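Dear colleague,

I am passing on the structure below, and would be glad if you could look through it alongside the notes that follow.

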Amino acid sequence: MNEEGAMVISVTDVSKTFGGLISKKIRALDGVSFSLERGEVCGLVGPNGAGKSTLISIIMGAEARDQGKVTVKSDKPVGFVPDRPMFYEDLTAMENLMFFAQYNKVDAPMESCTKLLTEFGLGGRGDEPVRNYSKGMKQRLAIARALLHGPDILVMDEPFTGLDPTMVIELRDSIKRLKGSGLTILLSSHDLHEVNNICDSVVFIKAGKVVNKESVAECHRTMDVQFTILNPTPSILSCLDGYAVIDRSDDGHTIVVKMEKDEVQARLSELVKAGGLVQEVRLLERSVEDLYSELIMEDGR
Amino acid sequence: MNELFVLMKKDLRLLISESYFPIVILAIVALSGVAAFSAATDYSFFIQDPPMTLSIADKELKQLMCLLDFWKMVIPIEVLILLMVSSLTLSMEKENGMLRFILAYGKNRSLIFISKSLVVAMVSLIAVLIPALAFLLGIYTMGQEVLIDAGLMLASAAFPLLIMLSVSMLGILISSLSKKRHTAVIIAVMAFLVITGAYTSALEGGMIDASLEYHQEHIDQFMTNADARMLFPEDKKLMLLLNPLLMQEGLLHVLNLTGGEMNLAYVEAFAFYDEATDASIGIIMASSLFLMGYVSFMRYGKR
């Protein structure tokens, strides 16, 4: 493995149970394993109660695990953006940042704080108490704070929750900028569209178990292809043998199969050669949402 | 050291920015003012209408007695104020999640606790200096000469300071054990009621018990302080020994009001221990409470 592909976060067989003596035991995590490589931007998705926040708390060291191992390879503390942006609300944004800068021994703290405030669009409001900030401003300030000490790894818990569309766009742009800087990012989110846009990979988690870790590029390479064939005889349809059939119309004219983007042209030629009257070919690009439907929602869509 | 300084700077700034902080300072100032006015008035009346010819020593002794009454008026209310302020220190940061967030940085968590304790200790110092200053101002503004020298005035503040430090450490312990600030304040108020209630009941109950036992054998005789110390029930003595208000008796020693030749009135104030023992009890109590709070804090978030 080269330097670029070096593993920086490794979660191995981690389990966590809450409750017990008085309350009902809840298995929040059950043998969770996955890893992140340097520079990877990974989304953590799953329904409510799947164990995403517990997993993030364990990675951050804020929650103890019952079993398993978490390895974080970084010389600097991991930058963390919690699900609820928390600050010393009575202090100004600058005071908040300055405290964390000095606490983490950041060189030229004042300059670093000013630069980050400007970078995240808060330059003119650094002297205001944080309690006056909107949720979106707090979210941006939380990211600025997490980046203050120049971490190698950034963990974000539900960064898009509760933001209006403008704030979502601004936050997405901020994360995309960070992605270009070589930072390793793990973010949990319910916003599959944003995960699809931002992330390199996605960890799907359901009922405390990792169902799959999929590369978003891989997900995009495979697509659902809809063929509409006027004479769907068995010999013609045999050209599509070996492909997973996603859907088929009652009259048999329309069939949707899953295949890689590169193969579509060749299969179309084969169908035509076999005498198929192909009326239409529609390429239905698969997204993280499609994967989520397949992996997480038991009855699909 | 730099880390501790950064934490203390933040904790001080947080304390000053809290909405309750001006109220706390105002309460201490007002309390000191009222107590100082009361002490100064008492002294002035005594001087204007003396029961006998007064020497300078008599006047000084009266000022010392007024100072003792002054501290006894100030201390219980300041105990309540400091218990409440210190109980909020960690519980507020726990409630808003900032404590867990800071701990996630994996830095030296001892310094977080030490910083909070030092800031609270500074508040304790302020809570003692303001009344001391108010007392001197009170006597002075009544047109009277201040006969207590600065050294004695400062020394008299030492025992109230030990009381304040002990209750502040108790407050931090409460804060360390509470997840919510409201819970912490409620426990702090309950602790205040227990401290003041237990002190009064143990002291008065113990004296009554000792007196009853003494007079079973010594009819028509006055029970001396030495007799009272000997006959004082052990359980009540233990209750007092565990109570920060016991250190008030250190004031009697510092102000030299535990007996001796006095021509103003018969004064032989009751004290269990000597000055050094009282100071040791105070230091041990404050240190033990600090350590208990520290251990509790170090366990926070760890399973």
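In chain A, strand S1 (residues 7-18) runs antiparallel to S4(A) and is joined to S4(A) by five bridges, where strands are DSSP runs of E with at least two residues, helices are runs of H or I with at least four, and both are numbered from the N terminus. Within this pairing, which requires that DSSP find at least two bridges between two strands, A:Ile9 stands opposite A:Val72 in S4(A). The open sheet to which these strands belong has three strands in the order S2-S1-S4 (chain A), with antiparallel pairing; strand S2 (26-37) and strand S4 (67-72) of chain A are its edges, each pairing on one side only.

The model is a predicted one, in which local features need pLDDT of at least 70 and side-chain atom pairs count only at pLDDT 80 or more, while totals for chains, interfaces and linings use all residues. Residues are numbered from 1 along each chain as its sequence is written, chains are lettered from A and ligands numbered from 1 in the order in which they are written, and side-chain values use heavy atoms, with hydrogens and water left out.

Chain B, by contrast, has eleven helices and zero strands. Its C-alpha trace spans about 70 × 50 × 30 Å along the principal axes. Of the 303 residues in chain B, 52% are buried, meaning under 20% relative accessible area with a 1.4 Å probe, protein chains only. Among contacts (heavy atoms within 4.5 Å) in chain B between residues at least 6 apart in sequence, 82% join residues at least 24 apart.

Best regards

Technical notes. Buried < 20%, exposed > 50% of the residue type's maximum accessible area, 1.4 Å probe, protein only.
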